[in-house]
Amino acid sequence: MRSQNPKLIGQSIPRLDAAMKATGRAIYTDDLKFPGMLHGALVRSPIAHGRILNLDVTKAKKVPGVKDVITGYDTPKIKYGNWRLVPASQDELPLAVGRVRFVGDEVAAVCAIDKESAEKAAHAIVVDYEELPALFSVEDATAQGAVKIHEENQDGNVSLTRKIEYGDLAAMFAKADYVREDTFRVHPVQHAYLEPCSSIAVPEEGGRITLYTSTQTPYIVQCLLAHTLGLPENHVRVMKTQIGGGFGGKMELRPWEFCAAFMALRTGRPVKFTLTRTDELAFGRRRHPMTIYSKVGFSKDGKLLAKDFQVMLDGGAYNAMGPTATFLCGTFGNMLYNFPAYRYFGRHVYTNKPPASAMRGFGAPQAAFAQESQLNMAAEELGIDPIDLRLINAMQTGDVIPEVATVSSCGFKESLEKVRQMSGWDAKRKAAGNGRGIGVGCFSFISGGVFNWFNTKYNFSAAEVKVFDDGTAQLHSMACDIGQGTDTVLRQIMAAELGISIDKIRLVSMDTANTPKADLGSWGSRVTLMNGNAIIQACRKIKEQLTPILFTEFDLNQIHDVGFEDDRVFVKANPKKGMSFGEAVYKAVRGRQGAPLSATGFYTPRNKGLVSPAFSFGAQVAEVRVDQDTGLVSVDQMYTAHDCGVAINPMAVEGQLEGAIHMGLGYTLMENLIMDDKGRTLNTNFLDYKIATAQDMPPSDYAEIETFEPEGPYGAKEAGEGLAIPTAPAIADAVKQATGFRAMELPITPERILRGLGKLK
Amino acid sequence: MAMPHFQLHQPKSLEEALDLVAAHRSSVKIIAGGTDLLLKMRHAGLAPQHVVSLNRVSGLTHVSYTDEDGLVIGAAAKISTVAEHPDVRRLYPALAHACDVMATVQIRNMGTVVGNLANAAPSADTAAPLMAYGASVVLVERGGRRQVKLPEFFTGPGATVRESLEVIEAIRVPAPMQRTGSSYHRLSARSKVDIAAVGVASCLVTSMAGEILAARVALSSVAPTPVRAYDAEELLAGQTPDEMLLKRAAVACVRASSPIDDVRATANYRRRMVQVLAERSLLDCLAQLEGGKK
């Protein structure tokens, strides 16, 4: 089936936006300026939990240059949240009313003629609080008698639970020869996208709003902003410029988007908010810290029989995308291996910390750190090589996860074999010790979600394709390139399907008023599969319009087939019989009496279970050296074998892999948001919030294990987030082999290693 | 935050610079590389009305070495210039190493070694090696000039003995004696492009007979200022160095430290690392001395 793919599929086409970005010509939201534009500033809560007793804005209004000051009491006070399907989960207000729930909770906003005046006015707002007891851990928040962070929440501070259960757990544990129980803990880290959030709201005629914003979900922002302003959805137009990374941190409506739009409508002038890095690190979204209990049972020959997986997610003050993480954590507790009995119980818990939300891998990196580490521990005790133990239990094509999904393509076993061979695993594993080690971790991930939590009435993705008589074409798509490269890959898919050159395609993207509805955005590794399918459908409709031209022109017998390649449309059996793509369009438009040629395609997964239409798989091996006196870990080499179906653009996949290893390295070894006992984040700059640098990056070998995913465009599935999952357990296992220290907690800092080895109190 | 408004002065001579500092004494800062100062002005509320730049003052960008005068690092000499200087690389390897690994390429190309000392961060990377080499700071004011040894120069985090009308003209480092070994070790959570969580520099000079004539060990990031480890130095003086002795000296170094817990490391870890790095640094010195004998 792969051999039938157009020749553009599988080519490493360089990113079309690369030159613009590398030379500094790309325009980001904060680069935009409008006549009369005002600058906004936010007032945030300095305390983690409290009641607002009084808000005094009189001094702020008198600051010269100030044009508007708003508090929650001036707004329509409409709650919002991404899970529209469950209205009770929508727990956030753009500006606090009555109560603040974390250090940084937004309580007021101002706008002024310049930034300095806006900041001065923000400082002049006086807020009196009555402090309430603040809860900073899931244990405290779920303890008897704990203060309720949201009074209207049903179940104490547990905002949402998810249960998955199949098979006879008790019977399987009874049958098991080897059972172990472990508890793992993971920490909060941040997306650290290079572009801090920025938004500009421009008031338009008729009380409408155009919002330029750094987002990965323009449609979600459009709907929720309209909802919170009390406007029809179509009164809000969301546009983006270039986006400097998202990683899950820009997929919700944000308070400053609301404040910009609300004050733009009140003042009649454009209003801009741009956050600083300090704002982002101190108050921004983060990856969920979790406490993960896992009990597994094996037969003595290594067959996994049962698993009990119980997770508490530290959600922070609001739900944000936590419910989805709670669901996916359960899915990824059982996605890699086929076993008869599984129970998952996930609880999403409110605490008085900045809300956790989606972040690359969406619950899976945490679940995998526990699952893969535990499997490595079991392998040691069972005396089975960890790669062999995985081969015994690995998921395969056609396997069914009860009530969840059927795996329609799976190259997991091949990935395990490949990574074993690439890394020289067997010899190196035997030689491990004395500060050198090699370890393994694996992953699986979704190619977009099925579960419609946003409750959209439209298709999940859409594409409009227009073709012109000069041989060019235009793609209208709401899909967001947030740096991952979809502006290139989607055009590559369209060029392949229409048989035209990629540089002939103009892209109109991310303008909710000018692209077909809908698009759920860039998250869950959904864009290539879902938007790719929509584009292919639209292109095929165009081709149906062009094919008759050839039949008429060359008086063809109906048994002939028409080809589209190299900017030509031709008879497949006799390629000389043909014409340029532009000429075919010209003739079609003539025949349509001047009506332009365009078509719209859609995609929504159907009959694909509850989770995802397709799953990626892969295995990764890390080689490390540990300085046993200082505890410093250096990762010397990474090996990855990866099944992402057909790689549409291998260079883009490699970019994802490099980026994922970089993020995984930080997550495993050094990144950590450190908080004091008042709920304040202490490391709010890149000197103290430590991201791996280019100099820390290990060399990396990788192999694509190509499968053909029947549901994917040209056989493709996800390559964005899955790769961010295996690095922590692989490095943790390598550190264990090198030193004897098994990390049950992240990050694996030098101090933890030395303490674990008894070399430090 | 926006940069506060200020007037920039770019004198051509040291006399002119001293006059400007005196004339604007109520609100003046001295700038060379600006890699610390501009951050404080942009983000930490520092708002001087006048800024006097040393970058055009003749002679201050120089790095020079003679056997008679030793090493002289001018106030406006960039960190990268010092790192690349052949005499620094040949005779002061601990300082060269500090200048190679500290901060980032951009900061090393803009920032100055004198500025690194003047900023007086407890973690200043060049402070420990310069202390180990017995360096002094040359302070000038109108009609006067004094030389202050580094251990006396620092008085607390961000604080030095520099008087408000004084300008640091240069750092002077004595020429190393025959049979000198020196080394600087530092570590941090991120192996590259990071601030040091602990730093140890040492310098040993031995006699023809192999006895230690002079030992200096200096620590950074483990006390309110960079400090000398005098106990360890006393233990080493007059002895013939071997591995056992150096290990005992490394243990003694810990007594000179008074670290705190912060987001970069705990005090316990820092104490432990003083010993580990001191041992490594002293063993490096020994290896150099033994290598020199051949």
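Let's start with two residues you can look up in the structure: F102(A) and Y318(A) are both buried, where buried means under 20% relative accessible area, exposed over 50% and partly exposed in between, with a 1.4 Å probe and protein chains only. This is a predicted model, in which local features need pLDDT of at least 70, side-chain atom pairs count only at pLDDT 80 or more, and totals for chains, interfaces and linings use all residues. Residues are numbered from 1 along each chain as its sequence is written, chains are lettered from A and ligands numbered from 1 in the order in which they are written, and side-chain values use heavy atoms, leaving out hydrogens and water.

Now for the rings. Phe, Tyr and Trp rings (for Trp, the six-membered one) pair if their centres lie within 6.5 Å; planes under 30 degrees apart count as stacked, over 60 as edge-to-face and the rest as tilted. By this rule there are 20 aromatic pairs over all chains. F102(A) and Y318(A) have ring centres 6.3 Å apart and planes at 80°, so this pair is edge-to-face.

Next come Y337(A) and F412(A): with centres 5.8 Å apart and planes at 55°, their rings make a tilted pair. Both Y337(A) and F412(A) are buried. Rings can also join up in a group, as ring pairs link W83(A), F327(A) and F451(A) into a cluster.
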